[in-house]
Amino acid sequence: MSEGNTIFSNIIDGTTPADIVYDGGDTLFFRDIAPKAPVHIVAITKKEISSLDHMTDEDQALLGKLMKDITIVAKQMGLSEGGYRVITNVGNDAGQEVKHLHFHMLGGEPLGPLRCR
Ligand code: 5GP
């Protein structure tokens, strides 16, 4: 379920360019346009799901696949050895800007403790 067309839909259909690093068929990985770490990858399902809070029972296998693909991309991007962080923002209090479920993959240097403000 999705609230409709987002910038990520345009990246999926190719009408908005992005630096795509991996296409998993039903998943897509591209560099964030405003990176918050030396490596900042956005991990999405091509299926439009508004946020983690909007996933349904039928999305469980797809999101499991997305998690597996995250580990593939982490290896591909050289993040696995040093470690990395995976975050998803859900709704307004988390500051979710794009209403298409996505996970941020952050790494490339020691990230320090998780901070919220
Ligand atoms: P959110 O705040 O919703 O969790 O994260 C949305 C992310 O999408 C932000 O980190 C933002 O920089 C990224 N973003 C927004 N528009 C674009 C775009 O057009 N291209 C790419 N590659 N990233 C985008």
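This passage looks at the aromatic pairs of a predicted model and then at the surroundings of its ligand.

Residues are numbered from 1 along each chain as its sequence is written, and side-chain values use heavy atoms, with hydrogens and water left out. Because the model is predicted, local features need pLDDT of at least 70 and side-chain atom pairs count only at pLDDT 80 or more, whereas totals for chains, interfaces and linings use all residues.

A pair of aromatic rings is described by the distance of the centres and the angle of the planes. Rings of Phe, Tyr and Trp (its six-membered ring) are paired here if their centres lie within 6.5 Å; planes under 30 degrees apart count as stacked, over 60 as edge-to-face and the rest as tilted. The count by this rule is two aromatic pairs. One of them joins Phe8 and Phe30 edge-to-face, with 5.3 Å from centre to centre and 70° between the planes. Phe8 belongs to helix α1 (residues 7–13) and Phe30 to strand β2 (residues 27–31), so this pair ties together parts that are 22 residues apart in sequence. Helices (H or I, at least four residues) and strands (E, at least two) are DSSP runs, numbered from the N terminus. Another edge-to-face pair is formed by Tyr22 and Phe29, since their ring centres are 5.8 Å apart and their planes stand at 75°.

Phe8 counts as buried at 8% relative accessibility, and Phe30 as buried at 3%. In the other pair, Phe29 is buried with a relative accessible area of 0%, while Tyr22, at 22%, counts as partly exposed.

Several polar contacts (N or O atoms within 3.5 Å) can be described. A nitrogen atom of the ligand lies 2.8 Å from a backbone N or O atom of Arg31. Glu97 has a polar backbone atom 2.7 Å from a ligand oxygen atom, and His102 places a polar side-chain atom 2.8 Å from an oxygen atom of the ligand. On its own the ligand has 520 Å² of accessible area (Shrake-Rupley method, 1.4 Å probe), and the protein covers 87% of that area.

How values were computed. Buried < 20%, exposed > 50% of the residue type's maximum accessible area, 1.4 Å probe, protein only. Polar contact = N/O pair within 3.5 Å; in protein donor to acceptor, adjacent residues only side chain to side chain.
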